[in-house]
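Morning, everyone. I'll walk through one model today. Have a look at it first, and then I'll start with a question.

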Amino acid sequence: MFDFGDPLDTAKLAWDLAFKVTGPAIPPGPYEELEEKDLRNLLAYLYIAVVDTDRDGASEEVMKILVEEYDRVFRLVSEVSKDFREGVRAGIHFPPTGSSPENIEKYKKLAEV
């Protein structure tokens with residue numbers, strides 16, 4: 001991947017590419033106001049952005065921005081969905097940055113399980 005100047009600009013490009021995947025639209029507005037199904041869809045798009053951008057060799061700065069956004073939405077989904085938290089506890093969640101023991105533990109802590 002070619003990083004275009006500002007890492008935030010490159011991260012936005014990755015988001016735009018992920019959101020072009022055919023799927024449900026995400027309503028505009030703050031993430032905190034989204035319904036659970038929309039948060040889950042948003043998390044899926046952000047997952048795509050992280051995985052694809054990492055595979056394409058983005059810089060650490062770009063990856064940090066994308067992972068932070070994924071983590072933010074992950075926490076929101078965890079707050080509103082007991083089923084999601086139970087899935088994380090059971091090991092069903094596969095972090096976009098890999099399933100190392102450290103990553104699994106990170107996301108269990110984020111989900112507070």
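Is R40 buried, partly exposed or exposed? R40 is partly exposed, with a relative accessible area of 34%. The cut-offs: buried means under 20% relative accessible area, exposed means over 50%, and partly exposed is in between, with a 1.4 Å probe and protein chains only.

A word on the source. This is a predicted model, so local features need pLDDT of at least 70 and side-chain atom pairs count only at pLDDT 80 or more, while totals for chains, interfaces and linings use all residues. Residues are numbered from 1 along each chain as its sequence is written, and side-chain values use heavy atoms, with hydrogens and water left out.

Now the charges. R40 forms a salt bridge with E36, and their closest N and O atoms are 2.9 Å apart. Here a salt bridge is a side-chain nitrogen of Lys or Arg within 4 Å of a carboxyl oxygen of Asp or Glu. Both E36 and R40 sit in helix α2, four residues apart, which is about one turn of the helix. For helices, I take DSSP runs of H or I with at least four residues; strands are E runs of at least two; numbering goes from the N terminus. E36 is partly exposed too, at 30% relative accessibility.

How many salt bridges does a search of the whole structure find? It finds nine. One of them pairs R72 with E32, with 3.4 Å between the closest N and O atoms. R72 lies in helix α3, residues 60–80, and E32 lies in the loop between α1 (7–19) and α2 (36–55), so this pair ties together parts that are 40 residues apart in sequence. E32 is exposed, at 51% relative accessibility. R72 is partly exposed, at 31%.

Another salt bridge joins D56 and R55, with the closest N and O atoms 3.5 Å apart. D56 is partly exposed at 35% relative accessibility. R55 is exposed at 59%. There is also a network: salt bridges that share partners join E32, E69 and R72.

On to the core. In soluble globular proteins, nonpolar side chains tend to be buried together. A nonpolar core here is a set of buried Ala, Val, Leu, Ile, Met, Phe, Trp, Tyr and Cys residues joined through side-chain atoms within 4.5 Å. The largest one has 26 residues, and those touching the most other members are Y31, L39, L43, L66, Y70, V73 and F74. Helices α1, α2, α3 and α4 each supply at least two residues of this core. Which helix gives the largest share? That is α3, with nine residues.

Take L39 from that list. Leaving aside neighbours within four places in sequence, L39 is in contact with Y31, L34, V73, L76, V77 and V80. Contact means heavy atoms within 4.5 Å. S78 is in helix α3, and S78 is buried, with a relative accessible area of 3%. With the sequence neighbours within four places set aside, S78 contacts F84, R85 and A111.

The grid is 1 Å, over the protein atoms alone. A cavity is a set of points where a 1.4 Å probe fits but cannot get out; a pocket is an open set with protein on both sides within 12 Å along at least five of seven lines; lining residues have an atom within 4 Å of a point. Points are joined across faces, edges and corners, and a volume is the space filled by probe spheres set on the points.

The largest pocket has a volume of about 180 Å³. R40 is back: its lining includes R40, Y47, Y70, D83, F84 and H93. Helices α2 and α4 (82–89) each supply at least two lining residues. By class, the lining has eight nonpolar, two polar and two charged residues. Ala, Val, Leu, Ile, Met, Phe, Trp, Tyr, Cys and Pro count as nonpolar; Asp, Glu, Lys and Arg as charged; the others, Gly among them, as polar.

How many cavities of 30 Å³ or more are there? One. The largest cavity holds about 40 Å³ of space. V88, H93, P95, N103, I104, Y107 and K108 line it. Helix α5, residues 101–110, gives the largest share of that lining, four residues.

Last stop, H93. H93 lies in the loop between α4 and α5, and H93 is buried at 12% relative accessibility. H93 and Y107 are 14 residues apart in sequence and 8.4 Å apart in space, C-alpha to C-alpha. Beyond four places in sequence, the contacts of H93 include Y70, F74, I104 and Y107.
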